[in-house]
Every structure is written in structure tokens, then in C-alpha cells.
Amino acid sequence: MKKEVTTKKVFIRTLGCQMNVRDSEVIGGLLSKSGYKITDIEEKADIIIFNTCSVRQHAEDKVWSAIGRTKAKIIGIMGCMANNYREAIFEKAPKVDFVVGTRDIAKIPAILKEIEKHKDSPLLEKKIYETDADFREDEIYHTGFRLDKEHAFVVITEGCENYCAYCVVPYVRGALRSRSSQDILEEIKEDIDAGITRITLLGQNVNAYKYQDTDFIELAQEVNGLKGLKEFGFITSHPKDTTVDLFKALAECRKFNNYLHLPVQSGSDRVLKLMNRGYTREFYLNLVDNYRKMIKDGTLSTDIIVGFPSETEVDFQDTFNLIKEVEFDKAYVFKYSVRPNTKAAEFADNIERQEKERRHKLILDLQKSISRTKNAKKNN
Ligand code: SF4
């Protein structure tokens with residue numbers, strides 16, 4: 001088939017998690033294959049695609065204001081906001097030409113061609129939205145398009161059905177789906193042949209990976225055994241699905257990068273229950289203890305939300321003290337913001353902005369001092 005020739009320049013602006021980073025890489029590859037040029041200079045672009053995040057209000061606000069500022073002729077929205085708002089995006093931002101959901105990204109080159117046909121005639125102006133696919137074809141994960149020549153993100157699961165009370169992911173990414181282990185291993189082997197030596201297995205909840213008889217432990221062991229691979233890691237882990245058996249297996253995986261991101265979110269059992277996290281403070285601390293005993297020189301990071309609805313000073317102190325006790329290597333701290341459609345949106349967002357800021361700062365300062373002491377010890 002003759003490839004259509006276009007010299008249109010596309011700028012892809014990525015917000016949010018590593019899953020979006022990987023999706024932008026894939027869509028950049030698909031568009032290049034269709035004759036578009038990918039540019040990293042927004043001002044030079046004819047087309048801008050925002051790969052969006054709905055996890056926090058702040059991330060969405062950034063997109064709304066960037067749409068207002070952009071001079072690009074064609075504007076598209078992909079990622080979680082596309083699934084969260086669908087065609088309502090056109091009402092809120094009439095400049096937007098197309099909206100493509102997280103499982104529909106392979107349609108973008110064809111959508112762009114269609115929009116371009118109509119763009120110069122106001123009478124034929126067309127808005128397109130595609131947000132209803134149930135799943136992605138495996139080849140969209142496994143495209144071979146890579147920007148980084150040494151490290152690759154490899155998607156192993158997508159979606160989540162844990163329904164943490166504050167989180168929009170189950171609504172925008174759908175139920176958990178695990179990719180075929182064979183296909184994942186094939187993809188990594190091709191990456192290795194292309195010179196990549198380090199990989200990160202990606203998913204909203206990697207520990208829940210299960211494809212036929214293969215679970216996450218087996219997948220990690222198989223990845224570890226791949227010839228030519230120097231190092232592997234994974235994000236993100238859910239404490240309730242993280243086990244001592246996993247640590248045992250990882251301790252024997254020579255290529256594991258010894259890094260665990262284990263979001264605790266709160267140190268208060270009452271808040272953890274309201275958040276629907278499925279573990280207690282004690283369970284989490286026990287997990288950390290086992291990780292540290294079993295993974296030599298293991299590093300550990302976490303996510304924390306402050307100001308969750310009804311979080312009292314006592315709840316906050318529980319979180320503060322947990323951080324002091326665990327001494328994370330890094331903590332990502334967020335002020336709670338309401339996400340429409342989630343369970344927590346039914347609770348009153350009753351912690352004042354200034355109070356959220358105070359708690360946020362206290363934890364950031366604590367973590368800074370922990371990191372400083374740890375670094376000083378390392379350098380001695
Ligand atoms: S585990 Fe919870 S926080 Fe993580 S993606 Fe699923 S619902 Fe969201």
C-alpha cells in the first residue's frame with residue numbers, strides 16, 4: 001500500500017505516569033511511520049497532542065490552560081482525561097479537534113488524516129472522539145518504537161480494579177489486563193537485540209500480573225534469565241499484592257535493580273480503610289521489614305497523600321511517624337484533591353487548603369532530612 005506523504009509536524013506533550021511516557025513513545029512511532037514528523041519544539045508544530053493525566057486536579061488544570069495558549073492548527077487529547085471527559089472536552093475546550101482514549105491510541109494516525117481533510121473548510125469542520133475500545137491489541141504495546149537506546153519501559157499490565165477511594169485509574173484505564181508473557185519476553189528480546197540493556201516492567205499494579213499459569217514472580221524470573229539483559233526493575237507495586245515469596249525470588253535474581261516503589265498513602269489504619277487500600281499499617285511495616293532483610297542494599301520509595309477527607313491530626317501524626325520509622329529513600333507527597341466519580345468524591349473534602357499545605361510541607365521537610373542523613377552515611 002502506498003504511504004501517504006505528509007510533512008506535518010507533531011508535538012506530543014506528556015503529563016503523568018510512566019505509562020503515558022511509554023504511550024507517547026508508541027504514538028510517536030506510529031505517526032512517524034505514517035509520514036508525520038515528530039518535533040520537540042512546540043512552536044514549530046502544526047499538530048499538538050496532549051497525553052494527559054487525571055490522577056490529580058492540578059495535572060488536568062495544566063492541560064486546560066495549555067490548550068488555551070497553544071497556536072497549533074490541530075489539537076488532540078489522549079490519555080486519562082480523554083476517558084474521563086470524552087466528548088465533554090469539546091464543550092470545555094472548543095479548540096480541541098479530537099479525543100482518543102487510552103485503549104484507542106492506534107487510531108490516531110487515521111483520525112489525524114480525517115481531521116486534516118476537513119480542517120481548512122469551516123463548513124466541514126469535524127470533531128472526532130474515540131474512547132470506547134475494551135482493550136488494546138498486543139502489537140500496540142509491542143511496536144518496537146523506542147526513543148531511549150539503553151533503557152526500555154515494557155508494559156506488562158494495564159488497568160486496575162482495586163478501586164482505591166481517591167483514584168480515577170479503574171474508571172479511565174479499565175479492569176486489570178495482563179499481557180501474554182510470551183509476547184512480553186519476545187518484546188524484551190527484540191529490545192536487547194537493538195542494544196537495550198536495562199528494562200522497567202510497567203503497570204498500575206505489577207504484582208497482580210497473571211497470564212495463564214504465569215504470575216509476576218515467574219515473569220520476573222524469566223526476565224532475569226534473558227541473555228544480554230543487564231538490569232531490570234518494575235513499577236508500581238501494591239502492598240496488598242506484594243509478598244515475602246516475591247522478595248525471596250528477587251533476592252535470587254542477579255539482575256534485579258534492588259528498587260521497590262511501595263505506595264503506603266497513609267500511616268493511619270482508619271484512613272487506609274477509608275481509602276480502601278486493603279492493608280494495615282502493621283502489614284505494611286512488616287513488608288518493609290522483610291524487604292530490607294531479604295534484599296541487600298535495597299532502596300525503597302513511597303507515595304503519600306495528605307489531607308484525605310476527615311484526616312485528623314492524629315491520623316496525620318501516624319503517617320508522619322511511619323515515615324520517620326521506615327526512613328524511605330524517597331517519598332512522593334501529594335495534597336488530596338477530589339476526583340470526580342471516585343468513592344472519595346462522596347466524602348466532604350473538609351481539610352482546609354492551608355492545613356493540607358502545612359501537612360505537605362511537614363512531610364517534605366521530614367523526608368528531606370531523612371534523605372540528607374542517608375546520603376551523608378553513604379558518602380562516608
Ligand atoms: S491500586 Fe489503587 S491507586 Fe493504584 S491504580 Fe489501582 S485504584 Fe489507583
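**A helix pair and its surroundings**

Modeller: Helices α8 and α9 cross in a right-handed sense. The model is a predicted one, and the description below should be read accordingly. Two packed helices are described by the angle between their axes and the distance between those axes. For α8 (residues 181-193) and α9 (residues 216-224), the angle is about 25° and the axes lie 11 Å apart. Since angles under 35 degrees count as roughly parallel, α8 is therefore roughly parallel to α9. On the α8 side, the contact is formed by Ser181, Ile184, Leu185 and Ile188, and on the α9 side by Leu219, Glu222 and Val223. By class, the contact residues of this pair comprise five nonpolar, one polar and one charged.

A second pair may be set beside the first. Helix α1 (residues 18-33) and helix α5 (residues 108-119) have axes that come within 9 Å and cross at roughly 55°. These two helices are therefore oblique to each other. The crossing of α1 past α5 is right-handed. Ile27, Leu30 and Leu31 of α1 meet Ile108, Pro109 and Leu112 of α5. The residues of this contact are six nonpolar, with no polar and no charged residue.

Helix α1 also holds Asn20. With a relative accessible area of 1%, Asn20 falls under the 20% limit and so is buried. Beyond its neighbours within four places in sequence, Asn20 touches Thr14, Leu15, Asn51, Thr52, Cys53 and Arg173.

Most residues other than glycine have a negative phi, and most peptide bonds are trans. Tyr163 has a positive phi of about 50° although it is not a glycine. Tyr163 lies in the loop between β8 (157-158) and α7 (169-173), and its relative accessibility of 39% makes it partly exposed. Tyr163 is also one of the residues surrounding the ligand, among them Cys160, Asn162, Cys164, Gln204, His238 and Arg277. That shell has seven nonpolar, three polar and one charged residues.

Gln212, likewise not a glycine, has a positive phi near 50°. Its place is the loop between β11 (210-211) and β12 (214-215), and Gln212 is exposed, at 61% relative accessible area. Finally, Ile235 and Thr236 are joined by a cis peptide bond, with omega about 0°. Thr236 belongs to the loop between β13 (231-235) and α10 (244-251).

Conventions. Residues numbered from 1 in each chain as written. Predicted model: local features only at pLDDT ≥ 70, side-chain atom pairs only at ≥ 80, totals over all residues. Heavy atoms only, no water. Axes fitted to C-alpha atoms, helices over the stretch in contact; angles between N-to-C directions. Helix = DSSP H or I, 4+ residues; strand = E, 2+ residues; numbered from the N terminus. Parallel < 35°, antiparallel > 145°, perpendicular 65-115°, else oblique. Left-handed = near helix turned anticlockwise from the far one by under 90°. Contact = heavy atoms within 4.5 Å. Nonpolar A, V, L, I, M, F, W, Y, C, P; charged D, E, K, R; others polar. Buried < 20%, exposed > 50% of the residue type's maximum accessible area, 1.4 Å probe, protein only. Near = heavy atom within 4 Å.
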